[in-house]
Amino acid sequence: QLRLHPALVDELTRLAYSHPREEVAIRHSFEILAIEFDQLGYPWSSAVRAKGVIGLRELRPRRGRSRYRVLYAPRHPAPILLALAPEASHNPRGFQRSVGETIDRLAEYDQEHDNDICN
């Protein structure tokens, strides 16, 4: 069972209107991630390579041939899918902006779930 951040759900809804085929490809990659979570590697997934970022991965729809990536944290029992990003070589600034949003969303997610555990 994948966990999707609410902001990612909104981003995917907007993408479905502007690029419906890309949204379908992304949803297909979610199915692959759900099945192959622990073993999923290149070309479907790779580490996010950004300064100061550790432990984030990018889901690569269409085996990397999509202009979009989904940034996620590979947590157990299921990954947390956090943000839709443009492919880094196609839009480096947009990718970096998405990485920053992903880090913020993950911190928010972790804080909410730490509070759940403490109460």
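Student: Which strands does helix H2 lie across, and at about what angle does H2 run to S4?

Tutor: Helix H2 (residues 20–36) lies across S1, strand S3 (57–59), S4 and S5, and runs at about 35 degrees to S4. Axes here are lines fitted to C-alpha atoms, for helices over the stretch in contact, and angles run from 0 to 180 degrees between N-to-C directions. Please keep in mind that this is a predicted model, in which local features need pLDDT of at least 70 and side-chain atom pairs count only at pLDDT 80 or more, while totals for chains, interfaces and linings use all residues. Residues are numbered from 1 along each chain as its sequence is written, and side-chain values use heavy atoms, with hydrogens and water left out.

Student: What makes a stretch a helix or a strand, and how many does the protein have?

Tutor: Both are DSSP runs numbered from the N terminus: helices are H or I with at least four residues, strands are E with at least two. The protein has three helices and five strands. From the N terminus on, the elements run β-α-α-β-β-β-β-α.

Student: What is the order of the strands in the sheet, and why are S1 and S2 said to stand at the edges?

Tutor: The five strands form an open sheet in the order S1-S5-S4-S3-S2, with mixed pairing. Strand S1 (3–4) and strand S2 (45–47) each have a single partner strand, so one side of each is left without a neighbour in the sheet.

Student: What makes S4 and S5 a pair?

Tutor: Two strands pair if DSSP finds at least two bridges between them. Strand S4 (residues 68–73) and strand S5 (residues 80–86) have six bridges, in the antiparallel sense, so by that rule they pair. As one example, the bridge partner of Leu71 is Ala83 in S5.

Student: Why are H1 and H2 called oblique to each other?

Tutor: Angles under 35 degrees count as roughly parallel, over 145 as roughly antiparallel, 65 to 115 as roughly perpendicular and the rest as oblique. H1 and H2 pack at an angle of about 140 degrees, with their axes 6 Å apart. H1 and H2 are therefore oblique. The residues making this contact include Leu8, Leu12 and Leu15 of H1 and Ile26 and Phe30 of H2, where contact means heavy atoms within 4.5 Å.

Student: How do you know that Leu8 is buried, and where does Leu8 lie?

Tutor: Buried means under 20% relative accessible area, exposed over 50%, and partly exposed in between (1.4 Å probe, protein chains only). Leu8 lies in helix H1, and at 0% relative accessibility Leu8 counts as buried. Leaving aside neighbours within four places in sequence, Leu8 is in contact with residues including Phe30, Val70 and Leu84.

Student: Why does Leu84 count as buried?

Tutor: Leu84 has 13% relative accessibility, so Leu84 counts as buried. Leu84 lies in strand S5, and Leu84 and Arg69, 15 residues apart in sequence, are 5.9 Å apart in space, C-alpha to C-alpha.

Student: How do you know whether the radius of gyration agrees with a compact globule?

Tutor: The radius of gyration is taken over C-alpha atoms, and the globule rule is 2.2 Å times the number of residues to the power 0.38. With 119 residues, a compact globule would have a radius near 14 Å; the protein has 14 Å, which agrees. The C-alpha atoms fill a box of roughly 45 × 30 × 30 Å, taken along the principal axes, and 45% of the 119 residues count as buried.
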